[in-house]
Amino acid sequence: MKGTYLGEFEEIVLLAVGILRDGAYGVSIRQEIEDQTGRNVNIGAVHTALHRLEDKGYLSSQFGEAEEVRGGKRKRLFTLTAAGIKALREAQAIRKQMWSQLPKILLQQN
Amino acid sequence: MAMKHTPPALAKRLLQWFCHAEFIEEIEGDLYELFQQRIEKEGLFKARLHYYRDVLDATNLYRSQPRKKSQNQTLPLRDRWKHFFTIAIRNMTRSRSSTAINLCGLAVSLASFLFIALYIVDETTYDTFHPDAANTYRISYSFKSFDGREGKDSRAAGLWSVTLKEMMPEVKHVTRFSRFGWPGNVWTGSPDNVFVEQGFFWVDSTFTDIFSLPLASIGNAREVLRNPQEVILSETTARRYFGDKDPIGQSITYVRDGMSFAFTVGAVMKDFPSNAHFKPDFIANCVALNPLWKRNDEDRINSWMDSFSYSFINVEPGTDLEKVSKTLQQIFDQNLGEFAKTTHPILIPLHDVHFTTGFLFELDAPGDKTHLYIFGSIGLLILAMACINYMNLATARSIRRSKEVGLRKTLGVSKAMLITQFLGESFLMTGIAMVLAMILFAVFLSTFNMLTLKNFDLLVVGQNKTLYLLLVLFVTVGILAGSYPAFYLSGFRPVEVLKGTLVTGRGPENFRKGLVILQICITLVLLTSTYVIQSQLSFIDHTRLSEHKDEVVTVRLGQNAPDKMAAYKQIAKQDPHVKEVSTGPHLPRRETFGNLQHSMKFSALSQTIYSWDQLDGDFDFSNLFGLELVAGRSLSADNPADSSAILLNEKAVKELGTTPEKALGLEAEVVTFFEKQGQMERLVTRHKVIGVVKDFNFASVRLPIAPVVISAKSTVSEMMYVKLDGGNIPEVIQHLVKAWKQVYPATPFQYWFMDEEFGRLYQTERQMGQIFTYLAAVAILIACLGLFGLASFTAEQKVKEIGIRKVMGASTAQILLLLTSRYIKLAAISFLIGIPIAFISIHFWMETFVYKATLGLGFYIVICILILAIVLATVGLESLRAARANPSDSMRHE
């Protein structure tokens, strides 16, 4: 299914949302990904991924409190939905399955 | 924390411009947060650069993609609905009177419209229930009578259609039926138990090939019709004859001209729907009456010349009708001899039979499309009037709601949402009115059925077409009534409204005035039309002949009855309440009874051949019907020569171009044609004119009074007329029956009152008159409701002005004048517009009548005064209350 395909970056974003639990919003998610992967992540890319994931039904969101550090704007807090968790599981399962079929020799070469 | 730096303003503006509104808050927040973090880590400059980049990223991605589930900044949907209902219901209860007026008006008009729509749909779907109605045609023909006049007959001779089928493979089915002996006599059990039946149809066994004939009982209609000993009864008829008993297998006897025919009930059919142009009570195979059809060496069913049966053909789709007509003409040419030149076939689609006029011997009173248009437009007018009321009251109350609008707008509610709100309120109102209308519909359905002689039941509401209609009505009325107030109200400027400087301009005021004028115009036209129809009807009721209808009993005579008439008269007249007994042709004349015309020549005057109706009565005929002599004397039994003498009416004398006095003594040569063994025979008799009578209507007033000849040739009379002079009618009838049994023991006594027959003659007018009256009443009611609402509103609005005026010394009368004068002005304008419209439309309708009730100018004045009185009564009541109020009450609360 094209619509439910989970891209690599999307998977990472989903995982980050899961790790952050209640505190997942644009900036914190970006920070988490940077911390975990060491990659330099663009906030715009995070937003795109977040909203696309919400459209797919893997994330749900609601507004948090307005904060001064944010110039009086509210955060949009994201949480994983059941479908999101299922998608993550599936992605993991596919990886596991494929890993298990990878010839051992290949792994030992490097 | 030190003073915060703000992100670059230009970038922020870019973001606000290009980023979709839904995302802007979170993105702006996130970017702000990042910006602050970066200032600390990387310094202001780099943070700013980053900010720009992020903004560009964000704008690229999001600006035109709204998310699927829109989450407005407004209240959630459920709360918005709740809010809407709360406000709407509060507003409704706050102004109870105008709500009641609106609901009442809308409900009544919706119910009326529904009735009218049902009526129209029913009328326009005549005969569509037959299986292949679209490809079914009736064969009728046009002819030229002996005196050269053209006529059209709805029936056809039996052999035409049968031969047509043989010649054209495109003609799939053919069937014929007739209604011989209308009305016929049927009895069951004993010959005393006689019913006069008008719906006995004699059909071919192929009837079901073309017509739908669903049975209510078990059995097969086709099989029953094949058996000439069996008859099919309609459900109603079966109940009438046999009550709760099982009708199948029962026997009935049909009597005509001294012959009896026994039938077994083979099946019971469902009653034909109201939108069928023929509705049989009995159906039997025509073969059963062969002894009757075939007497006098003729075969009425299978004849070339005797147009006796209604013939229907069913053709393949796409058949060229021209070709069918040509083939029929060919058949005429081959078989009708010299008559072929003047006889031409006419094919009438089954769908159109109901609306076909100008044909002799039609099976039902033809529908009139003009009536449908008239009813349809009245329905729309009534609906429009109710919508106008809503608009009027809604805009009139706008001042009250202006503060609400102002406040909403200040709180950021958009104009579009306000429009939705006000439209929603009108839809809510329409919805409630719809429910009320359905209740009204259910309550008045039986009245409606009685009025229109249809039989709808409540189930029609569940039909798809009705549901669609209701939906369309709901949407149209909701939008129509709500749109103007919605746009008007939502257009208020909040500042003006809240400051209290709002000036409602002349615009809506003039609009309201226009609507009121329109309403009064409609009322005027409807009221005049109603009056005209009613006066025309009462005019019909009071024309000659029908004057005596109350007391005249009509009795059907048997074949040989005239011979013993003298004996019967003697016995009958023993009862002092029996004033006069006479015989004659079936009156009032209907074309269905056949032709009375005779060709005659008055050689003394000219060689012109006249074709006039001849009423063959007996010597008491003119006495019984109270015919007034203008000249000469009446036919008298004492004078033997009178049996061949005749009377003329004034119209006949006029057509002869002479005076009543000079007409006396003229001799008429009457030529009679009759068919004998397929040959036309000619017989000439001579009759002397001995008297001239005043014109009288012996047929419908729709037709001009025709020249008529009255003779005392009682041997051919079909009917006996008994004029009663008060007394206990059932007792007198009993006496008549007893006398009848003595003189004619074998013939059943069937009677009916003449007024019943006259009633049927004007059924269409009467029906239309009644419907019209009801509709006009509804229209007037709605107009009054609207006026009342407006007047009470004006009075309420001017309550302070009235208070001040009263304090300054104005009298109640002056204030009343102030409040009502504008409505009088409006009424006057309406009269100027409405009277010409009414005049033209009435003129148009009256064209269809030859004899008209006269309408003077005074009539219009009376109508205007009446309307003015209605307007004043409605407006005045409310104004009077305002004018008499204590000024201190109205002034105090400030």
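Predicted model: local features only at pLDDT ≥ 70, side-chain atom pairs only at ≥ 80, totals over all residues.
Local features are reported at pLDDT of at least 70 and side-chain atom pairs at pLDDT 80 or more, while totals for chains, interfaces and linings use all residues; side-chain values rest on heavy atoms, with hydrogens and water left out. Residues are numbered from 1 along each chain as its sequence is written, and chains are lettered from A in the order in which they are written.

The interface is considered first. In it, 24 residues of chain A are in contact with 24 residues of chain B, contact being defined as heavy atoms within 4.5 Å. The size of an interface is often given as the accessible area lost when the parts come together. For chain A and chain B the buried area is about 2100 Å², of which 46% lies on carbon and sulfur atoms; buried area denotes the accessible area (1.4 Å probe) that two parts lose on being put together, summed over both.

Across this interface, 5 salt bridges are found between chain A and chain B, a salt bridge being a side-chain nitrogen of Lys or Arg within 4 Å of a carboxyl oxygen of Asp or Glu. A salt bridge joins the side chains of A:Lys73 and B:Glu28, with an N to O distance of 3.9 Å.

On the side of chain A that touches chain B, at least two residues each are supplied by helix H2 (26–37), helix H3 (43–56), strand S1 (59–67) and strand S2 (73–80) of chain A. Helices (H or I, at least four residues) and strands (E, at least two) are DSSP runs, numbered from the N terminus. H3(A) provides the largest share of this side, 7 residues. By class, the residues of the side of chain A that touches chain B comprise 6 nonpolar, 9 polar and 9 charged, where Ala, Val, Leu, Ile, Met, Phe, Trp, Tyr, Cys and Pro count as nonpolar, Asp, Glu, Lys and Arg as charged, and the others, Gly among them, as polar.

Within chain B, strand S11 (residues 282–285) directs B:Phe282 and B:Ala284 one way and B:Ile283 and B:Asn285 the other way, and all are buried. Buried means under 20% relative accessible area, exposed over 50%, and partly exposed in between (1.4 Å probe, protein chains only). In a regular strand the side chains alternate between the two faces of the sheet. S11(B) pairs in the parallel sense with strand S7 (residues 200–203) of chain B over 4 bridges, and B:Phe201 has B:Ile283 as its bridge partner. Strand S8 (residues 230–234) of chain B runs antiparallel to S11(B) and is joined to it by 3 bridges; here B:Ile232 stands opposite B:Ile283. Strands are taken to pair if DSSP finds at least two bridges between them.

Two further residues of chain B were examined. B:His351 lies in the loop between strand S13 (344–349) and helix H12 (369–396) of chain B, and counts as partly exposed because its relative accessibility is 31%. Leaving aside neighbours within four places in sequence, B:His351 is in contact with B:Tyr126, B:Thr128, B:Ala133 and B:Ala134. The C-alpha atoms of B:His351 and B:Arg138 are 9.9 Å apart, although the two residues are separated by 213 residues in sequence. B:Asn392 is found in helix H12 of chain B and, at 2% relative accessibility, counts as buried. Not counting residues up to four places away in sequence, B:Asn392 touches B:Arg512, B:Leu515, B:Val516 and B:Leu790.

Over all chains, the structure contains 30 salt bridges. In chain A, the side chains of A:Glu11 and A:Arg95 meet in a salt bridge at 3.1 Å, N to O. This pair links helix H1 (residues 8–20), which holds A:Glu11, to helix H4 (residues 82–101), which holds A:Arg95, the two residues being 84 residues apart. A:Glu11 counts as buried at 11% relative accessibility, whereas A:Arg95, at 44%, counts as partly exposed. In chain B, B:Asp620 forms a salt bridge with B:Lys569, the closest N and O atoms being 2.8 Å apart, and both residues are buried. A network of salt bridges links B:Arg401, B:Glu404, B:Arg408 and B:Glu425.
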